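Please have the sequence and the structure open while I speak.

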Amino acid sequence: MAVANYQVDLRHFDELPARELYDLLRMRVDVFVVEQNCPYPELDGKDIDALHLRLLEGGDLLAAVRILKPHEPQDPSKIGRVVVSPAHRGKRLGDALMRESIAACERLYPANPIALSSQAHLRRFYESFGFVGTSQEYLEDGIPHIDMVRQPASQPV
């Protein structure tokens, strides 16, 4: 079952109302720390300078991602903290979230590649969006990951 009627909200950290920021951080902790049984510092200091793209339906937070701007002109933007609410899984929201995130990165940073650190079991999912593995598999917080990059739309893959 797909969700067709979601709203895309893209904001800087300081633009998020306290209740909406709480909902976002709570969902990330619930999934990345509690559900995945992975105690690590979810609040890593990067959120303050990030853009937060959220998929919303009414007042419900369906899914979210964090976008980090390129550090240098040639550096990639970075997509991270990709999360779908457990209450809304099975609706292809991960696909929608990635399409919206890539579109935002391409709009904001058109000349830059997009990078992400994928959990290894999600490699094919990200490959379906044009990401290519750029590292060997490694452990991050006890979970196998792989670095991936998607070249700018204006450049060949």
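This is a predicted model: local features need pLDDT of at least 70, side-chain atom pairs count only at pLDDT 80 or more; totals for chains, interfaces and linings use all residues.

Let me start with Q74, which, once its neighbours within four places in sequence are set aside, is in contact with N112 and P113, contact here meaning heavy atoms within 4.5 Å. Residues are numbered from 1 along each chain as its sequence is written, and side-chain values use heavy atoms, with hydrogens and water left out.

Q74 sits in the loop between strand 3 (60-68) and strand 4, where helices (H or I, at least four residues) and strands (E, at least two) are DSSP runs numbered from the N terminus. Because its relative accessibility is 58%, Q74 counts as exposed; the cut-offs are under 20% relative accessible area for buried, over 50% for exposed, and partly exposed in between, with a 1.4 Å probe and protein chains only. Its C-alpha atom is separated by 12 Å from that of A115, a residue 41 positions away along the chain.

Strand 4 (residues 77-84) runs parallel to strand 5 and is joined to it by 2 bridges, pairing being assigned if DSSP finds at least two bridges between two strands. Within this arrangement, S77 stands opposite I114 of strand 5.

Two other loop residues deserve a comment on backbone geometry. Most residues other than glycine have a negative phi. R92, however, in the loop between strand 4 and helix 2 (93-108), has a positive phi near 65°, and with 59% relative accessibility R92 counts as exposed. D141, in the loop between strand 7 (138-140) and strand 8 (143-150), likewise has a positive phi, near 55°, although D141 is partly exposed, at 42% relative accessible area.

Turning to the whole chain, there are 3 helices and 8 strands, in the order β-α-β-β-β-α-β-α-β-β-β from the N terminus. Of the 157 residues, 44% count as buried. Finally, residues 24 or more positions apart account for 62% of the contacts with a separation of 6 or more.
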